[in-house]
Amino acid sequence: MGACMDMGKRGCDGMLQINHLYKSYGKFQAVSNLTLHIPKGDLFGFVGPNGAGKTTTIRMVCGLMLPNSGDIFINGIDAMAHQKEIKKQIGYVPDFFGVYDNLKVREYMDFYGSMYRMNSREIQRISDDLLELVNLSDKKEVFVDTLSRGMKQRLCVARALIHNPALLVLDEPNSGLDPRARVEMKELLQNLRSMGKTIVISSHILSELSEMCNSIGIMNHGSLVAAGRIEDVMEGVFGNNQLVITLDEGRETAIRIVNEYTKVEVDSVGEHEIKLSHNMTKTEIAQMVGAMIAGGVVVTGFHKQEGDLETLFMRVTGDGQ
C-alpha cells in the first residue's frame, strides 16, 4: 500500500484511488495535489492537524463536496461522472450524526433501509444481522435519543452498512466516547475489516489508530506528507538500523568498544543507555555486545529502536501547527 504518484485516468487498482485532487476556498488551498491509493481490505487511518485538509478530503470522497480538479475512483467507479451510483458504494459515519426524536432503533434502521429502496422483509433481515454485529440486538424497541453516545455511534455504523457498501468512511468515530465505548468501537471496526470491508477513519487519537489500522495517511497544510502501511512509513522515516543498548555499569568501556566498529555511529549516550545507528548483521551485533560483556560492561539488554505513531506524526508535520 502506498501513495501512487504515477497514475493514469483509471489509476491503480484499489478500493479508493485519488488522483491529483485540489480544493480551494478563495485563496486558501485546503487540499493540494493529493494522490492516494487505498487497496481493498485496508483499515486506513487518516490523520493530520486541525485544518490539514483531511475532513475536506473525506467530504469530497463521499460526494458531499466537489473538488476544483482531480479524480476520485471508488471500487473502480468514477465518482465525478457517476455521483448517484457512487452513493451506493459508500457508507458514511460523520463526526456528528443526526438522531431523530420519537424513533425506535428498529424504526431508525427501517427508515434508512427504505431510502435505498429495500423491501420491508429485506430491511428486517439485514437490520437484525447488523444490530447483532454492533451489539444492539436488545435495543430494537428502545428510542434512539435515549441511547448512550457509544450506542448511538455503533447504531450509526449499522445504519451506514445497511446497503452493504464497498467502502466505509468514518470521520472522528471516537469523538466524545468514554474509554469503554472506544474499545467497543475499535473491536467493531477490526471485526468489519476481518469480514473484508475497506475502512477509512479520520481521527486525531493517534494511539488508537496505531492499534486499529494497518495503513495510514498523514496530511499537513493540505498536502499528503506520508502514506503507506504503518511499518513501511515508520521504516522510511526512522530507518531500520537503530539499536538501543541498556547497561548498569561500564558505559565508557561500552563506548570505546562501539567506536572500534566502523559500521556503527553513536547517536546519543544516556546514564544507562546508548543509542546507535548501524549497518551490521545480527551476528555482528551479537559479537559487539559479547565484547562489551567480556570487557566488564554490565549489559542489561539491547533492542531495535521502534518509532511510534505520535513521534512519526510530529516528525513529518514539524511542530504540528
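The following legends describe an overview and several close-up views of one predicted protein model.

Residues are numbered from 1 along each chain as its sequence is written. Because the model is predicted, local features require pLDDT of at least 70 and side-chain atom pairs count only at pLDDT 80 or more, while totals for chains, interfaces and linings use all residues, and side-chain values use heavy atoms, with hydrogens and water left out.

**Figure 1. Overview of the protein chain.** The secondary structure comprises 11 helices and 14 strands; helices (H or I, at least four residues) and strands (E, at least two) are DSSP runs, numbered from the N terminus. The C-alpha atoms occupy a box of roughly 80 × 45 × 35 Å, taken along the principal axes. Of the 321 residues, 46% are buried. Here, buried means under 20% relative accessible area, exposed means over 50%, and partly exposed lies in between (1.4 Å probe, protein chains only). The chain exposes about 15,800 Å², of which carbon and sulfur atoms supply 47%; accessible areas come from the Shrake-Rupley method with a 1.4 Å probe, and for residues only the protein chains shown count as cover. Among contacts with a separation of 6 or more, 69% are between residues 24 or more positions apart, a contact being heavy atoms within 4.5 Å. The chain carries 34 positive and 40 negative side chains, and the centres of the two sets lie 8 Å apart. Lys and Arg count as positive and Asp and Glu as negative, whereas His and the chain ends are not counted; the place of a charge is taken as NZ of Lys, CZ of Arg, CG of Asp or CD of Glu.

**Figure 2. Helix H1 and the glycine that follows.** Helix H1 spans residues 54-61 and is mostly covered, with 6 of its 8 residues buried. The buried residues are Lys-54, Thr-56, Thr-57, Ile-58, Met-60 and Val-61. Just after H1, Gly-63 adopts a positive phi of about 80°.

**Figure 3. Surroundings of Leu-130.** Leu-130 belongs to helix H4 (residues 120-133). With a relative accessible area of 9%, Leu-130 is classed as buried. When residues up to four places away in sequence are not counted, Leu-130 touches Met-109, Ala-158, Leu-161 and Ile-162. Tyr-108 is 22 residues from Leu-130 in sequence, and the two C-alpha atoms are 13 Å apart in space.

**Figure 4. A nonpolar patch on the surface.** Phe-111, Met-115 and Tyr-116 form this patch, and together they have about 290 Å² of accessible area. Patches are made of residues with over 30% relative accessible area and no salt bridge: like charges are joined within 9 Å, and nonpolar side chains (Val, Leu, Ile, Met, Phe, Trp, Tyr) within 5 Å. Met-115 is part of helix H3 (residues 105-115).

Figure 5. A salt bridge is a side-chain nitrogen of Lys or Arg within 4 Å of a carboxyl oxygen of Asp or Glu. The whole structure contains 12 salt bridges. One of them joins the side chains of Glu-284 and Lys-263 at 3.2 Å, N to O. This pair connects distant parts of the chain, 21 residues apart: Glu-284 lies in helix H10 (residues 282-294), and Lys-263 in the loop between helix H9 (251-258) and strand E12 (264-269). Glu-284 is partly exposed at 22% relative accessible area, and Lys-263 is likewise partly exposed at 39%. Elsewhere, salt bridges that share partners join Lys-104, Arg-106, Asp-110 and Glu-141 into one network.

Figure 6. Arg-251 pairs with Glu-252 in a salt bridge whose closest N and O atoms are 3.8 Å apart. Arg-251 is partly exposed at 33% relative accessibility, whereas Glu-252 is exposed at 53%. Arg-256 pairs with Glu-260, with the closest N and O atoms 3.2 Å apart. Arg-256 is partly exposed, with a relative accessible area of 47%, and Glu-260 is exposed, with 53%.

Figure 7. Although not a glycine, His-20 has a positive phi of about 50°. His-20 lies in strand E1 (residues 16-25) and is partly exposed, with a relative accessible area of 36%. Glu-172, which is not a glycine, has a positive phi of about 50°. The position of Glu-172 is in the loop between strand E7 (167-171) and helix H6 (179-194). At 13% relative accessibility, Glu-172 is buried.
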